[in-house]
Amino acid sequence: MIKNIIFDLGGVLLDIDLIHCMKQVQALGVDFDSLSRQTAPPPDNVSKQKMAVMGEGIVATGTTHLYQIGEISTTDFIGGIQRLCRQGTTYQQVLDAWNTCCIDIPQYRLNNVMRLRRQGYRTYMLSNTNDAHWQDIVKRCFGSIEEVNKYFDHVFLSQEMHLAKPNYDIYIEMLKEIGADAFECLFIDDSTQNVQAAAALGFNTIHAEVSKTCGGKVVTPPVTEWIDEVDKMLAQCLC
C-alpha cells in the first residue's frame with residue numbers, strides 16, 4: 001500500500017529550461033563545456049558517486065556536479081564561472097544567468113500536492129539541486145521555507161545529502177530518514193535514469209512528462225499531468 005509520495009522538483013513541480021540557462025551563461029562569454037571540465041580531482045568519496053542528473057539527457061559533471069552535491073560553495077562556484085566570463089562581468093550577472101533555468105511552479109501543482117496530503121499521504125521532495133537554485137526557488141515560488149514545509153513532510157536535497165540521483169544511496173538514505181520501505185512509496189521524476197534507479201530498489205514510479213519550454217518560458221504544458229497518473233495508481237492500490 002502506498003503511504004508516501006515523493007516528488008522530484010525540476011521538471012515535475014518546477015518548470016525548467018536548462019538549455020536557456022546554458023545560453024545565458026554562454027552569452028557572458030563562457031564555454032559551458034569548459035565549466036564542466038574545470039575542476040580539481042574530487043575526493044575519493046565524491047569520485048565514486050554517479051554524476052547528478054539535472055534533466056532528461058543532461059548530466060552534471062566537473063564543478064557543476066560538485067556544486068550539485070554540496071562539495072563547493074555558491075561563492076566558489078559562481079566566482080569560478082565569473083573568472084571564465086568576459087572582463088567586467090559581475091558576480092550578480094553570473095548568478096542571475098545561472099538561475100534562469102528556474103521558471104516557475106504553477107500553483108495547481110502545489111494544490112495537488114496539498115490535496116494528497118489532506119487525503120492522508122505523506123509527501124516529500126527529492127531533488128538534485130544546488131544552493132543558488134534552491135534559494136531562488138524558495139523566494140520566488142514559495143516566499144519562505146515555512147511555506148515549503150506546508151506542502152512537504154521533508155525536503156531532501158542533493159546539496160545537503162552530498163549524494164545525487166540516480167545513485168542508489170540517495171534513495172536508501174531517504175528511506176531510512178522517513179522510516180519507510182520502498183514498496184510503500186510512489187516516486188515521481190522526469191528523468192528516465194532516476195526513475196529506473198528507484199524502480200530497481202522497489203519503488204512504485206511514475207515517469208513524468210515535462211512542459212515544453214523555449215527562451216525561459218513554457219511553450220506547451222504536459223499533455224498528461226503527473227497528477228492524473230498519481231490518482232490512477234492510487235485508485236488501483238485501493239482496489
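I began with burial: 52% of the 239 residues in the chain are buried (under 20% relative accessible area, with exposed over 50% and partly exposed in between; 1.4 Å probe, protein chains only). I am working on a predicted model, where local features need pLDDT of at least 70, side-chain atom pairs count only at pLDDT 80 or more, and totals for chains, interfaces and linings use all residues. I number residues from 1 along each chain as its sequence is written, and side-chain values use heavy atoms, with hydrogens and water left out.

I looked up the secondary structure next. The chain has 13 helices and eleven strands (DSSP runs numbered from the N terminus: helices H or I, at least four residues; strands E, at least two).

Five strands form an open sheet in the order 7-6-1-8-9, paired in parallel (a pair needs at least two DSSP bridges). Its edges are strand 7 (154–157) and strand 9 (204–207), each pairing on one side only.

I checked one pair inside it. Strand 1 (residues 4–7) runs parallel to strand 8 (residues 185–189), and four bridges join them. Asparagine 4 stands opposite cysteine 185 of strand 8.

I then turned to phenylalanine 183. This residue sits in the loop between helix 11 (168–178) and strand 8. Setting aside neighbours within four places in sequence, I find phenylalanine 183 in contact with Met1, Gly202 and Asn204 (heavy atoms within 4.5 Å). Threonine 205 is 22 residues from phenylalanine 183 in sequence, and 9.9 Å away C-alpha to C-alpha.
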